[in-house]
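Hi everyone, thanks for making the time. I'd like to walk you through a model on the screen, going from one residue out to the whole chain.

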Amino acid sequence: MDIKDLRAFYAVVEEGNISHAALRLNATQSVISRQMKRLEENLGVRLFERGNRQIRLTDAGKAFYLRTESILGLLDGAMDELQDIEGG
């Protein structure tokens, strides 16, 4: 699992489906689908209940989403702080 997988997961949840997440991330649907499958395999849990054109989070997916949101917030905050330091 890497940061790209976390950002893709976050986008899928926020957009509500893989197609919209792919557009948001400027990627193909198949790339995002593979990332989500790999993420589930690496974590050993099912994150999504897949349906017609929409996905829903499992309980594990909901818990992981909250952690992902925190992790990405911390990472983005750290990057902003470093840019501020470099900028003066």
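Let's start with Leu 6, which sits in helix H1. A word on that label: helices (H or I, at least four residues) and strands (E, at least two) are DSSP runs, numbered from the N terminus. Please keep in mind that this is a predicted model, where local features need pLDDT of at least 70, side-chain atom pairs count only at pLDDT 80 or more, and totals for chains, interfaces and linings use all residues. Residues are numbered from 1 along each chain as its sequence is written, and side-chain values use heavy atoms, with hydrogens and water left out.

So, is Leu 6 buried or exposed? Leu 6 is buried, because its relative accessible area is 8%; buried means under 20% relative accessible area, exposed over 50%, and partly exposed in between, with a 1.4 Å probe and protein chains only. Which residues does Leu 6 touch, leaving aside its neighbours within four places in sequence? Those contacts are Met 1, Phe 64, Thr 68, Ile 71 and Leu 72, where contact means heavy atoms within 4.5 Å. Take Ile 71: in sequence, 65 residues separate it from Leu 6, yet the two C-alpha atoms are 8.7 Å apart in space.

Now, the aromatics. How many aromatic pairs does the structure hold? There are three, and here is the rule: rings of Phe, Tyr and Trp (its six-membered ring) pair if their centres lie within 6.5 Å, with planes under 30 degrees apart counted as stacked, over 60 as edge-to-face and the rest as tilted. One of them joins Phe 9 and Phe 48, with ring centres 5.6 Å apart and planes at 50 degrees, so that pair is tilted. The pair connects distant parts of the chain, as Phe 9 is in helix H1 and Phe 48 is in strand S1, 39 residues apart. Phe 9 counts as buried at 0% relative accessibility, and Phe 48 is buried too, with a relative accessible area of 2%. Ring pairs also bring in Phe 64, giving a cluster of Phe 9, Phe 48 and Phe 64.

Thr 58 counts as buried, at 10% relative accessibility. Setting aside neighbours within four places in sequence, Thr 58 contacts Arg 46, Leu 47, Phe 48 and Glu 49.

On to helix H3. With 15 residues (29-43) at 1.5 Å a residue, H3 should span 21 Å, and its end C-alpha atoms are 21 Å apart, which agrees; the expected span is 1.5 Å times one less than the number of residues. Which residues of H3 are buried? They are Ile 32, Gln 35, Met 36, Leu 39 and Glu 40.

How do H1 and H3 pack? Their angle is about 110 degrees and their axes are 10 Å apart, the axes being lines fitted to C-alpha atoms, for helices over the stretch in contact, with angles from 0 to 180 degrees between N-to-C directions. That makes H1 roughly perpendicular to H3; angles under 35 degrees count as roughly parallel, over 145 as roughly antiparallel, 65 to 115 as roughly perpendicular and the rest as oblique. Lys 4, Asp 5, Ala 8, Phe 9 and Val 12 of H1 meet Ile 32, Gln 35, Met 36, Arg 38 and Leu 39 of H3. Gln 35, buried at 10% relative accessibility, contacts Lys 4, Asp 5 and Ala 8 once neighbours within four places in sequence are left aside.

Two backbone spots deserve a glance. Gly 44 follows H3 and has a positive phi, near 75 degrees. Asn 26, in the loop between H2 and H3, has a positive phi of about 55 degrees although it is not a glycine.

Finally, the whole chain: four helices and two strands, running α-α-α-β-β-α from the N terminus on. Of the 88 residues, 31% are buried. Thanks, and I'm happy to go back to any view!
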